[in-house]
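Good morning, and thank you for the time.

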Amino acid sequence: MQLKKVLGTQAYWTINKALALEFGLHATLLLQHLIDLRESFFKAGKPFYQQHSRLKVDLGLSEYQLRQATKVLVKAEFINVERKGIPPKYQYSINDLNLYRFFGLTYIDKETKPLKVN
């Protein structure tokens with residue numbers, strides 16, 4: 001059996017190279033995980049909750065790595081984070097428009113696909 005097939009049978013992460021080179025692997029991993037969560041379980045455009053303890057387990061990051069990655073993404077204005085409740089849950093929202101801009105795309109509306117900007 002080929003090793004690639006063995007590795008592909010388990011859940012895996014997709015890492016965007018441009019984001020990883022610009023913002024680091026941990027920030028990119030966190031961002032892409034948050035996007036996957038939103039698209040799989042929550043309504044697009046709406047904030048959603050996630051506990052740090054859950055993110056640490058899902059991503060294999062330490063508390064420090066998770067906080068640093070979050071700071072990078074907030075500074076880049078890719079996400080907004082609010083801490084609420086006990087135990088603390090973090091309410092995340094993803095700024096799609098800034099992500100489209102990073103990739104040189106412009107977003108028209110929900111019904112239209114992103115367009116390439118020259």
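First, the basis. This is a predicted model, in which local features need pLDDT of at least 70 and side-chain atom pairs count only at pLDDT 80 or more, while totals for chains, interfaces and linings use all residues. Residues are numbered from 1 along each chain as its sequence is written, and side-chain values use heavy atoms, with hydrogens and water left out.

I begin with the hairpin. Helices (H or I, at least four residues) and strands (E, at least two) are DSSP runs, numbered from the N terminus. Strand β2, residues 79–84, pairs with strand β3, residues 89–94, in the antiparallel sense over six bridges; pairing requires that DSSP find at least two bridges between two strands. Within this pairing, E82 stands opposite Q91 of β3. Four residues lie between β2 and β3, and G85 in the turn has a positive phi of about 85 degrees.

Next, F48, which is placed in strand β1, residues 48–50. Is F48 buried or exposed? Its relative accessibility is 1%, so F48 counts as buried; buried means under 20% relative accessible area, exposed over 50%, and partly exposed in between, with a 1.4 Å probe and protein chains only. Beyond its neighbours within four places in sequence, F48 is in contact with residues including L34, L37, Y90 and Y92, where contact means heavy atoms within 4.5 Å.

H33 belongs to helix α3. H33 is also buried, at a relative accessible area of 14%. With neighbours within four places set aside, H33 contacts L55, D58 and L59.

F23, in helix α2 (residues 17–23), is partly exposed, at 22%. Outside its sequence neighbours within four places, F23 is in contact with V72, A76, F78 and F102. The C-alpha atoms of F23 and A69 are 8.5 Å apart, although 46 residues separate the two along the chain.

A pocket here is an open set of points on a 1 Å grid where a 1.4 Å probe fits, with protein on both sides within 12 Å along at least five of seven lines; lining residues have an atom within 4 Å of a point. Of its 13 lining residues, L19, Q32, I35, L99 and F103 are the closest to the centre. Which helix gives the most to this lining? That is α3, with six residues.
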